[in-house]
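Here is my note for a colleague opening this entry for the first time. Please keep the viewer at hand and go through the points in order.

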Amino acid sequence: MKVTILWVDDEIDFLKPHIIFLEEKGYTILTSNNGQDSLDIVKTSNLDLVFLDENMPGLSGLETLTRIKEIKPTLPVVMITKSEEENIMDQAIGSKITDYLIKPVSPKQVLLSIKKNVHNRQLITDKTSADYRAEFGNITQTINSAKTFSDWVEIHRKLVLWNIELADLNDQSLSQILEYQKNEANSEFAKFIKNNYIEWFGNNASEKPLMSPNLMRNKVFPLIDSGQKVLFILIDNFRYDQWKAIEPIISSHWRVESENIYCSILPTATQYARNAIFSGLMPLEIQKHYPDLWVFDEEDEGKNLNEEELLSKQIQRLGKNYKLHYEKSNTLKSGQKIVDNLKEVLKKDLTVLVFNFVDILSHARTEMEMMRELASDEAAYISITRSWFLHSDFWALIKEAAEQNVKLIITTDHGTVRVQNAVKVIGDKATSTNLRYKLGRNLNYNPKEVFEIRRPEDAHLPKQNVSSSFIFAYNNDFLAYPNNFNHYVKYYKNTFQHGGISLDEMLIPFIELKPIEG
């Protein structure tokens, strides 16, 4: 990479040793002894960096900086100054300098500034690539030896963090290696779930993870009992990597006290997982105890219309006397109204807000060609989530909530996975339509390709008919009917779906945050 640098200083002749030193390092150095001439060079040359003296006669360094930014806003400028006066540095930083150096500067200081501001991305790319290649073998070994839920949580964390690290490198070979490793992990995780999931509901389970029905009782209610006001925000269809994307934004107002990953029940679908969270019961128990509040898959009625009532019943069943405020995004008043009223709302012991944007995004991506273009891959999907958050009522709301004495919890009911491979299944008209699981009678499928639960009651799942059973897709598979198979596959391939078994769907975030004291 040939790097061209402009050095602007009214005493440029005295800097000849520095210039020779940089030229010997392979840099092309253009020089100017005044601000006006430097602007002409900026207009006509392809520059990678500008060193700019702050104290020059005529057009000053700060004035020159402003003009340079008007011509080429993204050109990095390093201010060199004799003065560390606060007002001068404030002006320079406000004018978007990239870096600054204090005179007298040594050649090594200058070289370091170049590396930091010109070669920084390449250095990071090289280091990150080397680190991941070195770590690849360790992660593979951990995948092959994983025996407990905690092992899989650690694997999931590592893969998500590496995915974030590698996302901006644009290294196709590394992306393919990571994708291969994620597929390998999901394949082994599916075997783990197949061997252990039913046993978790027995009395002798050796390591039962925290799951959806126990979330409120084990994690939320103890906070309220200790005297905390709790703002509980559930983002439907929210993955761990999406949490990591918005975490740096939130950190300006909130400090993470604990970052947990818990396990969604199967099916990893809103109807089952979210109702389990708010009721504190598995779906079979909801259907038995509150038959009027449970809606089966094939029924036309909305599947999540009774969440507030289920939550209230859980609170009453446990002998609690909490004051509750509950709202869902599709019934939420305008964001500004709830922000304006937030102080009053948060006087309740427990405030629950459900946001459906991410779920809406995943469905829109399936149904709209434009959304497929915008969220073409995992990195773009995460980027859209981050952009939504920055401009959402959600972000405005939790900034305002940071001014109140509340505990903030951000969590979800399940995640989602980008599907690639179609698996054939045959069912009757009453079979559920979800692409990652099927509930129905006389399902016809290859048992080696799915996780089958022939007795739904073993997994504490309800069934409408005696012969009903569940099957779940693994990894990035989706369940397709043989009729019009090629069209079906083409339409749904590369879409984000949920309901089945994968790390992204089942291992999901539960974050506790505390306001940063001003």
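1. Start with helix α19, residues 393-401, where Phe394, Trp395, Leu397, Ile398 and Ala401 are buried. Buried here means under 20% relative accessible area, exposed means over 50%, and partly exposed lies in between (1.4 Å probe, protein chains only). These side chains share one side of α19 because they cover an arc of only 160° around the axis, the arc being taken from the directions from the helix axis to the C-beta atoms. Helices (H or I, at least four residues) and strands (E, at least two) are DSSP runs, numbered from the N terminus.

2. A word on the source: this is a predicted model, in which local features need pLDDT of at least 70 and side-chain atom pairs count only at pLDDT 80 or more, while totals for chains, interfaces and linings use all residues. Residues are numbered from 1 along each chain as its sequence is written, and side-chain values use heavy atoms, with hydrogens and water left out.

3. Next, look at the open sheet of 3 strands, ordered β14-β12-β17 with mixed pairing. Strands count as paired if DSSP finds at least two bridges between them. The edges belong to β14 (444-445) and β17 (477-480); each has a single partner strand, so one side of each is left without a neighbour in the sheet. Strand β12 (residues 421-426) pairs with β14 in the antiparallel sense over 2 bridges, and Ile426 has Asn444 in β14 as its bridge partner.

4. How many salt bridges does the structure hold? There are 24, each a side-chain nitrogen of Lys or Arg within 4 Å of a carboxyl oxygen of Asp or Glu. One of them joins Arg274 and Asp236 at 3.1 Å, N to O. Arg274 sits in helix α11 (residues 270-279) and Asp236 in the loop between β6 (229-235) and α10 (240-250), so the pair ties together parts that are 38 residues apart in sequence. Both Arg274 and Asp236 are buried.

5. Finally, Arg454 and Glu452 meet in a salt bridge of 3.5 Å, N to O. Arg454 counts as exposed at 59% relative accessibility, whereas Glu452 is partly exposed at 27%. Elsewhere, salt bridges that share partners join Asp236, Arg274, Glu307, Lys328 and Asp413 into one network.
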